[in-house]
Every structure is written in C-alpha cells, then in structure tokens.
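Dear colleague,

I am passing on the structure we spoke about, with the sequence alongside, and my notes follow below it.

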Amino acid sequence: MPYSVTLIPGDGVGPEITDATLAVLEATGIEFAWDRQTAGATSIERRGEPLPHPVLESIRMTRVALKGPLETPIGGGYRSVNVSLRKEFNLYANLRPVRSIVPFRSYADLDLIMVRENTQGLYAGVEHFVQIGGDPHAVAESVAINTREGCRRILRFAFEYAVHHGRDKVTLVHKANILKMVSGLFLEEGRAIAREYAGKVACDEKIIDNAAMQLVMNPEQFDVIVTTNMFGDILSDEMAGLIGGLGLAPSANVGEEVAIFEAVHGTAPDIAGKGVANPTALMLSAAMMLEHLGELDAGRRVREAVIATICDDGVKTGDLGGKATTKEFAKAVARRLK
Ligand code: NAD
C-alpha cells in the first residue's frame with residue numbers, strides 16, 4: 001500500500017525543491033499516493049485565499065504532509081499559513097536538527113537539535129493597534145501567551161527526545177530575567193521536568209542573548225536546545241548558519257495526530273525560478289518523514305545519499321560554492337539511491 005501524504009509544493013523556490021525531493025523519494029522505491037494541495041501566495045492567485053479548506057481536509061485525512069515554504073506578507077496582509085497550520089493541527093513541537101555535512105568555517109562536526117515550541121508565545125496571534133487621536137496605529141501591542149501545559153509538553157518532548165536518541169544534555173533557553181512571567185513559567189517547568197530526568201539527561205540553562213553568542217563562539221557545548229517559539233525560530237536560523245546556511249536545515253512540525261515536514265528556510269525570493277536552490281533541506285525533511293512513517297532504512301539511505309553526493313561526488317549547489325542546478329543535484333542524489 002502506498003503511503004498517502006499531502007504534498008504542498010509552496011511558493012518561491014518551493015516547487016523547484018519539491019520536484020527535486022520527489023525524484024529522490026521515487027528512487028528509494030517507497031511508494032506514495034501524493035495528494036497535491038495549494039496554499040500561500042500561489043493559492044491566493046488561484047483561489048483568492050491562502051489556506052483553502054481542501055488543504056486542511058487533506059491533512060486531516062493523511063495526517064502527514066511534505067510542504068514547501070509559503071510566503072507571508074510582511075507587516076500587514078493575511079496571517080502566516082505556516083503558523084495557522086501549526087495551530088490548526090496542534091503541531092506543538094518543531095524539531096530542527098542541525099548537523100554538519102561539509103566543514104564550514106571553523107565547524108566540521110556539529111550535531112545539535114533545536115526543539116522549538118511551535119504554537120504559543122509571541123506567535124499566538126494576539127495583537128492589535130491602539131488609536132490615539134488621528135493615528136489608528138499609534139500603539140502596537142502583541143501578547144505572548146505561554147501556558148503551563150504548553151511549556152510542560154514541549155519540555156517533556158525535548159527530554160524524551162534526548163532519552164530516545166542517546167543525547168546527553170538539554171539546554172533550557174529563556175529570558176526569565178526580564179520576561180519574568182512568560183519566560184519565567186517556561187523556566188520553572190523546565191527545572192521541574194529536568195529533575196524528573198536527573199541521572200538520565202543532564203540539563204543546563206542559558207539566557208537567550210548569551211545562548212546566541214555561545215552558539216557562535218562554542219557551539220560544541222550544546223546538544224539538545226529547548227526554547228519558546230520566537231527564540232527557537234531565530235536561533236534555528238543562526239544554527240543553520242553554523243553548518244553552511246539554510247539550504248541544509250530540515251525540520252519536522254509534530255503533534256499528537258499530525259506531522260508536517262518542511263525545510264527551515266522560506267521561499268528564497270532572491271533565487272526563486274532560477275533553478276539553483278539547494279533542495280537538501282527539503283530532502284532531509286523528507287528523510288525525517290520516512291522515519292516518522294517507520295521507513296527507517298529509507299530515511300537513512302536518503303540522508304546518506306545526500307551527504308555522499310555533496311562530500312564524495314562534490315556535486316553542490318551555489319550556496320555551498322558549487323555549480324550544480326537544483327535538478328542536477330537531485331539527479332546525482334537519486335543515482336546514489338539506485
Ligand atoms: P528565506 O529563508 O526565504 O531566505 C533567506 C536567505 O537564504 C536568502 O538569501 C535565500 O536565497 C537563502 N536560501 C533560502 N533557502 C535556500 C535554498 N534552499 N538554497 C539556497 N539558498 C537558500 O527567508 P526570507 O527571505 O526572510 O523569507 C522569504 C519568505 O519566506 C517570507 O515570505 C517568509 O515569511 C517566508 N518564510 C516561510 C517559511 C515557511 O514556509 N516555513 C519559513 C521562513 C520564511
């Protein structure tokens with residue numbers, strides 16, 4: 001039986017990296033029944049809405065999606081479809097592994113995991129303007145919302161991940177010195193859950209600004225990092241920068257029922273349509289999806305084929321200093337899988 005999976009190619013470089021990833025998945029021999037759906041800016045063009053009902057229905061049915069990046073208007077405009085999907089399906093954990101593939105600057109062998117809370121904090125979507133006199137936007141207010149339950153489940157997810165993947169340490173990243181309540185609650189729960197895992201997983205804590213600096217100065221000291229939504233969003237791009245950029249960083253959005261796999265990066269408008277985007281991040285996200293489906297061997301093979309293509313065959317896209325197009329890179333990875 002083929003796996004039924006919702007496929008959202010996305011905007012910008014999305015369709016290019018999705019085609020490349022499909023070619024690689026086909027080469028694994030694992031069969032998929034793709035339910036192709038359109039969301040984001042592409043859907044606005046075609047249907048006048050960014051998140052049409054059939055997309056939600058499809059994911060509700062398949063419970064697994066492979067997704068390209070979706071454009072979100074900056075400032076005004078419609079709400080992020082990415083954030084809406086995460087909230088709709090309660091995908092509370094955003095897992096972002098950051099592993100060295102090629103030596104980059106002074107880092108050759110990084111292996112870090114970001115566990116980002118994905119539905120709460122400043123991304124809860126509670127914001128408004130306050131009018132003063134004739135200025136309707138005189139004051140802007142955004143409310144960060146963290147619940148005790150929300151903190152507990154992401155923290156437990158991080159510690160459980162550490163136990164099941166043989167990880168030594170979880171670092172709690174917070175700003176509880178200033179945001180005494182919204183970040184303080186996260187830290188309080190983190191300390192409590194760390195005590196439950198004492199003897200099995202070590203735990204330390206860092207204030208976000210120090211964590212950001214330490215990641216650049218000495219990233220090897222980290223193992224699993226768990227943090228709230230916005231800190232995780234920012235730090236995971238920084239972490240991708242340590243291994244060679246966003247072209248290499250995969251992710252999984254995980255809830256109790258549904259999981260959506262996507263690259264960490266966005267639509268890359270500066271290179272969209274040129275056929276030069278690096279599809280590695282989406283291919284590695286697809287490898288995570290295969291593992292989620294129980295296809296552990298196929299997931300491992302995809303990851304190894306991507307690494308061998310870059311490191312042994314020297315086939316690289318422009319972001320890694322190579323000349324390969326997205327399609328050429330995909331062909332080279334698929335060849336390794338056959
Ligand atoms: P971006 O991640 O799209 O691009 C940042 C930089 O990284 C650009 O220089 C880009 O060329 C480069 N880059 C990204 N992916 C690459 C790849 N696969 N290969 C080579 N280079 C790559 O970030 P941005 O420009 O800030 O955002 C553009 C749009 O994407 C915005 O609308 C934003 O809201 C959206 N976005 C979506 C998601 C998502 O769908 N999950 C995530 C982040 C941003």
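**Backbone and burial notes**

Arginine 105 sits in the loop that joins strand 4 (93-99) to strand 5 (111-117). Please bear in mind throughout that this is a predicted model. The phi of arginine 105 is positive, near 50°, in a residue that is not glycine, and the residue is exposed, with a relative accessible area of 75%.

Once neighbours within four places in sequence are left aside, threonine 267 is in contact with Asp11, Gly12, Val13, Pro69, Leu70, Glu71 and Ala272.

**The ligand and its surroundings**

Which residues come nearest to the ligand? Of the 21 residues around it, these are Leu70, Gly266, Ala268, Asp270 and Asn278. By class, the shell is made up of 8 nonpolar, 7 polar and 6 charged residues.

A backbone N or O atom of leucine 70 lies 2.8 Å from an oxygen atom of the ligand, and a polar side-chain atom of asparagine 82 lies 3.0 Å from an oxygen atom of the ligand. On the nitrogen side, a polar backbone atom of asparagine 278 is 2.8 Å from a nitrogen atom of the ligand. Taken alone, the ligand exposes 820 Å², and the protein buries 70% of that area.

**Helix 3 and what it packs against**

In helix 3, which covers residues 53-62, the residues Val55, Leu56, Ser58, Ile59 and Thr62 are buried. Seen down the helix axis, the buried residues of helix 3 fall within an arc of 160°, so they line one face of the helix. The background to this is that an α-helix has 3.6 residues a turn, so residues three or four places apart point the same way. On the other side of helix 3, His53 and Met61 are exposed.

What do the buried residues of helix 3 pack against? Their partners are strand 1 (3-8), strand 2 (32-36), strand 3 (64-67), helix 4 (81-88) and strand 12 (259-263). Threonine 62, which lies in helix 3, is buried at a relative accessible area of 12%, and, leaving aside neighbours within four places in sequence, threonine 62 is in contact with Ser4, Val5 and Thr6. Helix 3 is followed by arginine 63, whose phi is positive, near 65°.

**Leucine 66 in strand 3**

Leucine 66 belongs to strand 3 and counts as buried, at 1% relative accessibility. Not counting residues up to four places away in sequence, leucine 66 touches Val5, Thr6, Leu7, Ile8, Thr21, Leu25, Trp34, Phe261, Leu282, Ala286 and Met289. As a distance to check on the model, leucine 66 and alanine 324 are 258 residues apart in sequence and 24 Å apart in space, C-alpha to C-alpha.

Just after helix 2 comes glycine 48, which takes a positive phi of about 80°.

In helix 7, residues 208-217, the residues Ile208, Ala211, Gln214 and Leu215 are buried. Seen down the axis of helix 7, its buried residues fall within an arc of 120°, so they line one face of the helix. The cover over the buried residues of helix 7 includes strand 5, strand 8 (169-174), strand 9 (202-207), strand 10 (224-227) and helix 8 (229-242).

Technical notes. Residues are numbered from 1 along each chain as its sequence is written. Side-chain values use heavy atoms; hydrogens and water are left out. A residue is near a molecule or strand if one of its heavy atoms lies within 4 Å of it. A polar contact is a pair of N or O atoms within 3.5 Å; within protein, one must be able to donate a hydrogen and the other to accept it, and residues adjacent in sequence count only if both atoms are side-chain atoms. Accessible areas come from the Shrake-Rupley method with a 1.4 Å probe; for residues, only the protein chains shown count as cover. Ala, Val, Leu, Ile, Met, Phe, Trp, Tyr, Cys and Pro count as nonpolar, Asp, Glu, Lys and Arg as charged, and the others, Gly among them, as polar. Buried means under 20% relative accessible area, exposed over 50%, partly exposed in between (1.4 Å probe, protein chains only). Helices (H or I, at least four residues) and strands (E, at least two) are DSSP runs, numbered from the N terminus. The arc is that of the directions from the helix axis to the C-beta atoms. Contact means heavy atoms within 4.5 Å.
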